[in-house]
Amino acid sequence: MSDTPEPTLMICTHRRLGAAGSCGAGGGEALSDALRRDLAARGLGWNVTEIGCLGHCLHGPNVKAAPNGPLLHHCSAEHSDALIERLLAEWPKSEGMKD
Ligand code: FES
């Protein structure tokens, strides 16, 4: 069994009722589905998990990459593959992350 952390994308799908904006209302669930689809198409075994509020509601949908990855704002299902491409190019892989 490996003790290296699996790459994980945490997608905010929280809906803030009555608020000015939220990731759920902005397409967070569709983004989560698109990321699962596009990661599978690339053969990447990253985890995708839907989570609650990341505290940047007006800039969503938001995605947090872990471990030690960026917090990305204004993400969309339409640009899911570009998001993955950006992470592959920019996400540090020197801290124990699997390829
Ligand atoms: S609703 Fe997504 S960061 Fe708050």
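Of the 99 residues in the protein, buried residues make up 25%, where a residue counts as buried if 20 or more other C-beta atoms lie within 10 Å of its own, as exposed if 12 or fewer do, and as partly exposed in between, with C-beta atoms placed from the backbone. The model on screen is predicted, and for that reason local features need pLDDT of at least 70 and side-chain atom pairs count only at pLDDT 80 or more, while totals for chains, interfaces and linings use all residues. Residues are numbered from 1 along each chain as its sequence is written.

Begin with a cartoon view of the whole chain. The protein has 2 helices and 4 strands, which follow the pattern β-α-β-β-β-α along the sequence; helices (H or I, at least four residues) and strands (E, at least two) are DSSP runs, numbered from the N terminus.

Two strands are taken to pair if DSSP finds at least two bridges between them.

Now select residues 8-12, which are strand 1, a mostly covered strand with 4 of its 5 residues buried. Strand 1 runs parallel to strand 2 (residues 47-51), to which 5 bridges join it, and on this side Leu9 stands opposite Val48.

Together, strand 1, helix 1 and strand 2 make a right-handed β-α-β unit, a term which means that, with the strands pointing away from the viewer, the path from the first strand over the helix to the second runs clockwise.

Ala34 is buried because 22 other C-beta atoms lie within 10 Å. Leaving aside neighbours within four places in sequence, Ala34 is in contact with Ala77 and Ser80, a contact requiring C-beta atoms, placed from the backbone, to lie within 7 Å. Select Glu78 as well: Ala34 and Glu78 are 44 residues apart in sequence, and their C-alpha atoms are 7.9 Å apart in space.

Definitions and conventions: Two residues are in contact if their C-beta atoms, placed from the backbone, lie within 7 Å.
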